[in-house]
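Please open the model in your viewer and keep the selection panel at hand. The stops below say what to select next and what is found there.

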Amino acid sequence: MSKKNIKLMQGNEACVEAALMAGMKFFAGYPITPSTELAELSAEKLPRIGGKFIQMEDEIAGIAAAIGGSIAGLKSMTATSGPGFSLKQENIGYAAIAEIPLVIVNVMRGGPSTGLPTSPAQGDVMQAKWGTHGDHAIIALSPQSVMETFDITIKAFNLAEKYRTPVIVLTDEVVGHMREKIEIPEPGDIEIFDRKVPGPGEDYLPYRLEEGDIVPKMAPFGAGYRYHITGLFHDETGFPSNSTDNADIMLKRMISKIEDNREDIVMYDEFMMEDAEYAIISYGSTARTVRNAVKTLREQGMKVGLFRPITIWPSAEKEIKAVGRQVKKIIVAEMNMGQYVQEIERIVKSDAEVFHLGRANGEVLMPIEVVQKAKEVF
Amino acid sequence: MSKQTQIRLAGSGGQGMIMAGVILAEAAILDDKIAIQSQSYGPEARGGASKAEVIISSEEIDFPKVIEPDLVLSLTQEATEKYGGSVKAEGLLIIDEDIVLPEGFNQSRVIKVPILRTAKENVGRAIVANIVAVGFIAEFTQLVSRESVEKAVLGRVPKGTEPMNKKALSEGYALAQSVK
Amino acid sequence: MTSEIVQKYFRIENLPHIWCPGCSNGVVTRALTMAIDELGLDQDNVVVVSGIGCSSRAPGYLDFNTLHTTHGRGLAFATGIKLANPKLDVILIAGDGDVSAIGGNHLIHAARRNIDITTIVFNNNIYGMTGGQYSPTTPTAAKGTTAPHGNIDKPFDIAQLAAAAGATYSSRTTAYHVNQMVKYFKDAISNKGFSMVEVASICPTYYGRKNKSGSGVQMMQALKNDFIDKMAYEKLPEEKKEGKHLMGVFKNITLPEYTAEYQRVIDALQGGENNE
């Protein structure tokens, strides 16, 4: 790897670089701290490669236009934070039911409401999963470093295209704004996935799943297929259907396309877990605090390990269950008042005792706090 | 912690302390070291006392924020009062020559350096004080090589200002040699 | 027997439509297909977008690329589609509540950008889908289920609103004036920029019943009698002006279009690459 590809870069900057490498050709958004760099860099770079950027009139329009861009056939992204993520929820549901590939970056900040606009938080974890109304499956990925922001963004585009779904990059203010070393791969070294489109003259039904496919093929508007997209429950033809049987089939397909492919979607990382008797589960920038603390605890003779979900949704259910069986106690460390801990409790059940360490006052968790909590409960 | 050096650069908003931090981190990376640069946003970033933080290390950095700096460099009285005390006991505080140490401040290793005056008089522009500071830190601590610092500076400053910034760097080196 | 127009442009298999007897939505939707036919647009190249409401169901019956979005957001989706592929002919169908209440912000900004989208508003002065609540165009003193004691709001003039916000074409006609409607649709679609055609429509089921406006036929008759071309209005004696509503073309000018301007940015950057 040549040295020219090594750079000092902000997380938000790495996200845009990766998006471009993944094939992003369209960005629509609205400025909001701490995600604004994503819009600024997209505005600067997209027209240079013939792509399009538009600053919309509000957050809702930002995601709506991005969905429109994707329907017209371009890989699209929008970015936001805090209040903006709340505003985008309805159309996240639209992208889910209409099965439109889209990447939504949420640089998490302190909330609720305007909250702590310039401070980090991880309080949107549950909103990422359940923020829009109704049942649906979602993919959310959380990076802990600038390099991982790059890798995850590529992955987010690939998953969006492969599964025809909105994918949320759930980063936070710490990762978004810090500058760190990144090694940008050569374009040829990256796997890029493009949505499957119907062939010319093909007998096409927009929501018909063909043998061997994971999701129905998606024709861009204007390619000669003249089909209908709606946020109503619809059948294979794309037209609305009030049939309860149809709604059941469609909802199950929408959910299972993601749930059944966990092996492909779920990413996680383990540190000193082999012989661990206690585990700390943490994600995003907080996992770095924990890693530091785990080293300290190990030096002091405690057999503690770190399990780090990279894919937040769908959760690494199988692996987390295994962690629960391996260890006696688990601490979930996150920058919120107790969110992902609920998912961990749901998965491990009575296999291990689960504790929470977190706060949402705008300050990151310090390694010493994790060490203290571990000593207290382990 | 011994393999890590935590640096906090403080000044007033607009003095380019973040740029200085970015340059130090970039130089470290060019030297094949590990580095992280971060800063605080919000009202702090708009005038008043502002700070930038850099961690330079020979191994992976887990926790990305500066906890207890080994080195604090401060260019203003206000920033010194706010951040000067954060330097760890055996750490080093570098302040501009006109700054009066707050009462009760008992840091043992304090160096007063004419950074602002050097920028103004020797380079001709107060705006390059941050680059003089970078030169000073690089030379005084030997954390990053001159070659990499120069490369980082030239990669980040506006076109046309390269000679002025190179001059600022070498003035920083000279200052460091004079106090060593 | 279905007409050629209906055979060609409607998804016959999705009919009958959900609209009530006496509703004017069918007339307006058909007029749109007549305009598209007369302009000779390539059916594969036409995108019809809508939000939520009675009129927003129209795209489901039309044989184009059709997109039924979330309430009020049709123009934002349409903006994404048009910017992503400016070659497409993008038309928005919206109701008065959809486009001027929940989607009001998108309307003024799409107009301000002068992006080449034609917006057709089926203005029936009421929320029909939800059962007759007052909308931003319900006249003062008229009744709705949420204005049981008479509406105290002042109504929007949608055509004038779009014109003031920056639309380069804006006109108003009625569901009765079919020939004029087809002409306005054609002019609006042909305009390279943001175009608005507000079509005064009728909702006998909710607006009509609440306000004792009579049958669908009587309400159509009222459109004929109450709407007058803005030029003719000027010449009317004062005593005859009362109760009249204006129709006609309020704006028709040429200004740089958004996607063309964006393309200029792209061309300048890509052409200028070697000089950097």
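Select chain B together with chain A: across their interface, seven residue pairs are in polar contact, both residues at pLDDT 80 or more, where a polar contact is a pair of N or O atoms within 3.5 Å, one able to donate a hydrogen and the other to accept it within protein, and residues adjacent in sequence count only if both atoms are side-chain atoms. On the chain B side, helix 1 (17-30) and strand 2 (34-39) each give two or more residues, and helix 1 of chain B has the largest share, six residues; helices (H or I, at least four residues) and strands (E, at least two) are DSSP runs numbered from the N terminus.

This is a predicted model, in which local features need pLDDT of at least 70, side-chain atom pairs count only at pLDDT 80 or more, and totals for chains, interfaces and linings use all residues. Residues are numbered from 1 along each chain as its sequence is written, chains are lettered from A and ligands numbered from 1 in the order in which they are written, and side-chain values use heavy atoms, with hydrogens and water left out.

Next, colour chain A by its two domains, domain 1 (3-189) and domain 2 (268-377), with bounds from an automatic or database domain assignment. Their C-alpha centres lie 26 Å apart, and 26 residues of domain 1 are in contact (heavy atoms within 4.5 Å) with 24 residues of domain 2. Select A:E148 and A:R308 here, which form a salt bridge with the closest N and O atoms 2.7 Å apart.

Finally, which residues touch the most other members of the largest nonpolar core? Among its 135 residues, they are A:M77, A:I229, A:I330 and C:I81; such a core is a set of buried (under 20% relative accessible area, 1.4 Å probe, protein chains only) Ala, Val, Leu, Ile, Met, Phe, Trp, Tyr and Cys residues joined through side-chain atoms within 4.5 Å. Helix 6 (residues 146-163) of chain A gives the most to this core, nine residues.

Technical notes: Buried means under 20% relative accessible area, exposed over 50%, partly exposed in between (1.4 Å probe, protein chains only). A salt bridge is a side-chain nitrogen of Lys or Arg within 4 Å of a carboxyl oxygen of Asp or Glu.
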